[in-house]
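Here is a short report on the spaces inside one protein model and on one pair of packed helices. Please keep the structure open while you read.

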Amino acid sequence: MPETPQPFDVHVRGTVFLDIVFTGLEAEPRPGTEVWTSGMGSCPGGIANMAVATARLGLSTSLAAAFSTDAYGQFCWETLGEQEGVDLSASHRVDDWHSPVTVSLAYGGDRAMVTHEHPPPVPDPVDVPPARACLAHLEADPQPWVLRAESQGALVFADVGWDSSTRWSPDVLAGLDHCYAFLPNHVEAMRYTRTDDARAAVSALSERVPVAVVTRGAHGAVAVDQTTGESAEAPGLNLQALDATGAGDVFAAGFLTATLAGWPLAQRLAFANLCAGLSVQQFGGSLSAPGWGDIADWWTHLRRGPRTSATAELVRRYDFLRGVLPAEHGRAVRRASATLSVRNDLPRGPSAPHPA
């Protein structure tokens with residue numbers, strides 16, 4: 001009898017962009033001028049931010065996405081599958097389609113982005129690999145793959161995007177009926193729940209979903225877990241922020257990792273805050289996602305550094321790391337190669353034809 005395949009820890013799907021990030025700008029470029037920058041990074045972006053963040057934390061991660069066979073798509077395919085260890089068996093290659101691209105200009109503690117995208121000319125795959133959890137975007141009518149994942153026993157962790165219409169229709173929250181956890185930021189949470197602070201918002205959301213988490217950027221996060229009866233609040237970390245790109249994805253990856261490990265809610269929030277805090281110290285989305293080596297380095301530096309009342313409190317709050325850091329935690333990974341190249345010596349994945 002053939003063995004039943006083990007489920008992935010997490011399955012994600014969506015659009016992968018090639019992100020090109022220029023850093024070191026003193027100000028926004030002016031028309032008619034040329035600006036030279038001191039730094040640049042190239043990496044897979046979009047849903048790849050989430051896939052890389054979970055994979056770097058040791059979760060077996062499945063990604064379903066379309067990848068062009070152009071040089072940009074090849075770079076993203078190789079980076080995710082070979083460098084980051086993301087399973088791409090649910091993904092597919094597409095001929096005669098331009099990879100989605102985002103150029104990000106980082107300056108003044110913020111960023112401006114320019115994006116070019118054509119919808120992929122092939123439909124999303126119907127099959128969903130078995131997984132312990134999935135990360136999805138909240139919609140009033142969940143996508144079919146989310147319902148399939150839920151029916152297969154996956155815990156659905158959902159985020160939500162900015163409502164450009166500014167209507168913030170509460171109807172969107174109907175999708176929480178199919179979710180295990182919901183992780184909006186404080187602005188999104190307050191708008192959808194018609195409340196005026198994060199604590200009131202998380203209280204309202206906890207009546208709709210088993211685990212409600214509201215992030216507050218540098219101010220930390222608050223959460224309620226109805227499955228355990230816990231509520232918790234975690235302050236933010238005082239870390240130098242260079243680029244917040246992908247920080248929400250990294251927070252979600254950290255919270256999901258800690259949830260699958262069965263940690264108490266306060267530790268889950270603290271760990272997710274740490275992961276997000278470490279990510280904003282570097283430029284770029286998936287480039288900046290921390291791995292266990294980065295977390296171990298931070299913990300070692302904290303314990304060996306000057307002892308103040310603030311560091312003593314951090315050591316106390318994060319003392320649980322002693323028992324969860326892997327013995328073989330590996331090297332720091334928050335800096336990845338910024339080289340974009342065409343390599344024809346590597347095998348390519350299965351290619352989907354462009355429809356006539």
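The report covers the cavities, then a pocket, then a helix pair. The model is predicted.

**Cavities**

The count comes to 2 cavities of 30 Å³ or more. The largest cavity has a volume of about 60 Å³. Its lining includes Ala136, His137, Leu138 and Glu139. Pro142, Val146, Val156 and Ala158 also line the largest cavity, as do Gly175, His178 and Cys179. Two strands, S9 (131–137) and S10 (155–159), each give at least two residues to the lining of the largest cavity.

The second largest cavity has a volume of about 40 Å³. Among the residues that line this second cavity are Val16, Phe17 and Leu18. Ala66, Phe67 and Ser68 belong to the lining too, along with Gly73 and Cys76. Trp97, Ser99 and Pro100 complete the list. Strand S2 (16–25), strand S5 (66–68) and helix H2 (71–83) each supply at least two residues here.

**A pocket**

The second largest pocket holds about 310 Å³ of space. It is lined by 16 residues. Nearest its centre lie Asn238, Leu302, Ala310, Thr311 and Leu314. Helix H8 (292–304) and helix H9 (309–317) each contribute at least two lining residues. H9 gives the largest share, 5 residues.

**Linings by class**

The table sets out the residue classes for each lining.

| Space | Nonpolar | Polar | Charged |
|---|---|---|---|
| Second largest cavity | 8 residues | 3 residues | no residues |

**A helix pair**

Two packed helices are described by the angle between their axes and the distance between the axes. Helix H1 spans residues 48–56, and helix H6 spans residues 247–260. Their axes are 9 Å apart, and the packing angle is about 40°. H1 is therefore oblique to H6. The crossing of H1 past H6 is right-handed.

Which residues of H1 and H6 make the contact? On H1 they are Asn49, Met50, Ala53 and Thr54. On H6 they are Asp249, Val250, Ala252 and Ala253. By class, this contact has 5 nonpolar, 2 polar and 1 charged residues.

Key: Residues are numbered from 1 along each chain as its sequence is written. This is a predicted model: local features need pLDDT of at least 70, side-chain atom pairs count only at pLDDT 80 or more; totals for chains, interfaces and linings use all residues. Side-chain values use heavy atoms; hydrogens and water are left out. On a 1 Å grid over the protein atoms alone, a cavity is a set of points where a 1.4 Å probe fits but cannot get out, and a pocket is an open set with protein on both sides within 12 Å along at least five of seven lines; lining residues have an atom within 4 Å of a point. Grid points are joined across faces, edges and corners, and a volume is the space filled by probe spheres set on the points. Helices (H or I, at least four residues) and strands (E, at least two) are DSSP runs, numbered from the N terminus. Ala, Val, Leu, Ile, Met, Phe, Trp, Tyr, Cys and Pro count as nonpolar, Asp, Glu, Lys and Arg as charged, and the others, Gly among them, as polar. Axes are lines fitted to C-alpha atoms, for helices over the stretch in contact, and angles run from 0 to 180 degrees between N-to-C directions. Angles under 35 degrees count as roughly parallel, over 145 as roughly antiparallel, 65 to 115 as roughly perpendicular and the rest as oblique. A crossing is left-handed if the near helix is turned anticlockwise from the far one by less than a right angle, and right-handed if clockwise. Contact means heavy atoms within 4.5 Å.
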